[in-house]
Amino acid sequence: MKYYLLKNEEGNAIPTLLHYNRRREAERGRMEKKIRLEESLVMTMRLGRDFVYPDVMASPLFLLSQKAARLLSFYEEKLAFLPIVLFGEGDSLEWAVYQRPLLEKRDVLSEQSVWTKDKKDVRTIVLNREKVREKSIFQIGGVFSTYIILRMDLAESLLDRGAIGIGLQEVQVDG
């Protein structure tokens, strides 16, 4: 089975999430003060000219449209989602509801993967076939950056349904 690294599609003017670093620090448990649950469900976005609401936003925060989240739940029935409401900044009346899948982080990298010099991140992803165990979607664990991996059948289902904003890069699988 083939696997793909999920990326933002190039060329689409997607919304830019504001105050994202504060949310990320909260997720990693590094903030001294606790953020209320309601605050973590709402984010502000900056909209460029000719922006589109993509079905998939791979970064800076992995978010799915309602349509894409419904499709994903067919593949991963027990997967939980956190609803995120994005509001336009300032006086903008734009808003959108997205779902953040709460993915399992898995240590699935093969010894053949190429790491950065500081060993915190990976330059070339090679998945260990035995560790992947046919999951349709997961996040690579043990690395600094966020890498979301999709199995080929899930990627094809998203593309067949006209998902906007999805970029894919095939990754190697050893064995």
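Good morning. I begin with Arg129, which touches Met1, Val173, Asp174 and Gly175, leaving aside residues up to four places away in sequence; contact here means heavy atoms within 4.5 Å. The structure is a predicted model, in which local features need pLDDT of at least 70, side-chain atom pairs count only at pLDDT 80 or more, and totals for chains, interfaces and linings use all residues. Residues are numbered from 1 along each chain as its sequence is written, and side-chain values use heavy atoms, with hydrogens and water left out.

To stay with Arg129, its place is in helix H4, residues 129-132. Helices (H or I, at least four residues) and strands (E, at least two) are DSSP runs, numbered from the N terminus. Arg129 has a relative accessible area of 39% and is therefore partly exposed; buried means under 20%, exposed over 50%, and partly exposed in between, with a 1.4 Å probe and protein chains only. Asp174 is 45 residues from Arg129 along the chain, yet their C-alpha atoms are separated by 6.0 Å.

Let me turn to the chain as a whole. The protein chain has 5 helices and 14 strands. Of its 175 residues, 41% count as buried. Among contacts with a separation of 6 or more, 64% are between residues 24 or more positions apart.

Next, the interior. In soluble globular proteins, nonpolar side chains tend to be buried together. A nonpolar core is a set of buried Ala, Val, Leu, Ile, Met, Phe, Trp, Tyr and Cys residues joined through side-chain atoms within 4.5 Å. The largest such core has 20 residues, of which Leu6, Phe62, Leu64, Ile137, Leu150, Leu158 and Ile166 touch the most other members. Strand E1 (3-8), helix H3 (66-75), strand E13 (148-151) and H5 each supply at least two residues of this core. Its largest share, 4 residues, comes from H3. A second, separate core has 14 residues, including Val108, Leu127, Ile140 and Tyr147.

How do H3 and H5 pack? They meet at an angle of about 150°, with their axes 11 Å apart; axes are lines fitted to C-alpha atoms, for helices over the stretch in contact, and angles run from 0 to 180 degrees between N-to-C directions. H3 is therefore roughly antiparallel to H5, a term for angles over 145 degrees. From H3, Ala68, Leu71, Leu72 and Tyr75 meet Asp153, Leu154, Ser157 and Leu158 from H5.

Ser157 lies in H5, residues 152-160, and counts as buried because its relative accessibility is 9%. The side chain of Ser157 makes a polar contact with the side chain of Tyr75, at 2.4 Å. A polar contact is a pair of N or O atoms within 3.5 Å; within protein, one must be able to donate a hydrogen and the other to accept it, and residues adjacent in sequence count only if both atoms are side-chain atoms.

I close with two loop residues. Lys119 lies between strand E9 (114-115) and strand E10 (122-124), and is exposed, with a relative accessible area of 57%. Its phi is near 60°, a positive value in a residue other than glycine. Pro60 is in the loop between strand E4 (56-57) and strand E5 (63-64). Pro60 is partly exposed, at 37%.

Terms used
Angles under 35 degrees count as roughly parallel, over 145 as roughly antiparallel, 65 to 115 as roughly perpendicular and the rest as oblique.
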